[in-house]
Amino acid sequence: MLLQLYVNEPLGKRCQENMFVVTDLKKKYGFELEIVKKTKEEKLKNSSLPLFPAIAIDRVIVCEDKVVSRSELERFIAEQ
C-alpha cells in the first residue's frame, strides 16, 4: 500500500499534525510513504493537486484540506 502525504513547504501546523499521525501509523501498518510538497510558488499556479494538507492511499484522495485523526486514518486504511 502506498500512502501519499501532501504537505505545504514550509510545513504548517495542520501538515505537521498529519505528518505525526501518518508516521505513527506507518510503524503499525508498514505502508510505503511518499511525501508530496507544495511550495509557495506552486500555490500561486493553477494546480491539479488537492487542497493541502491531504492524504491519498494508493493514489486515491481520502482526506483533503484538514487534519486527520488516528482513528479516521486507520478507517481509511482498513477500507483499502
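Analyst: This is a predicted model. Four strands form an open sheet in the order E2-E1-E3-E4, with mixed pairing. Neighbouring strands are turned by 20° against each other on average, direction ignored.

User: What makes E2 and E4 the edge strands?

Analyst: Strand E2 (32–38) and strand E4 (60–64) each pair on one side only.

User: How do you know that E1 and E2 pair?

Analyst: Pairing needs at least two bridges. Seven bridges join strand E1 (residues 2–8) to E2, so the two strands pair. They run parallel. Tyr-6 has Val-36 in E2 as its bridge partner.

User: Why do E3 and E4 count as paired?

Analyst: The cut-off is at least two bridges, and four join E3 to E4, so they count as paired. These strands run antiparallel. Ala-54 stands opposite Glu-64 in E4. The hairpin of E3 and E4 has two residues between the strands, and Asp-58 takes a positive phi near 50° there.

User: And what joins E1 to E3?

Analyst: Four bridges, with the strands running antiparallel. Leu-5 has Ile-55 in E3 as its bridge partner.

User: What makes both faces of E3 covered?

Analyst: Buried means under 20% relative accessible area. Ala-54 and Ala-56 on one side are buried, and so are Ile-55 and Ile-57 on the other. In a regular strand, side chains alternate between the two faces of the sheet.

User: Which strands does each helix lie across?

Analyst: Helix H1 (residues 13–29) lies across E1, E2 and E3, at about 160° to E1. Helix H3 (residues 70–79) lies across E1, E3 and E4, at about 25° to E3.

Definitions and conventions:
Residues are numbered from 1 along each chain as its sequence is written. This is a predicted model: local features need pLDDT of at least 70, side-chain atom pairs count only at pLDDT 80 or more; totals for chains, interfaces and linings use all residues. Side-chain values use heavy atoms; hydrogens and water are left out. Axes are lines fitted to C-alpha atoms, for helices over the stretch in contact, and angles run from 0 to 180 degrees between N-to-C directions. Contact means heavy atoms within 4.5 Å. Buried means under 20% relative accessible area, exposed over 50%, partly exposed in between (1.4 Å probe, protein chains only).
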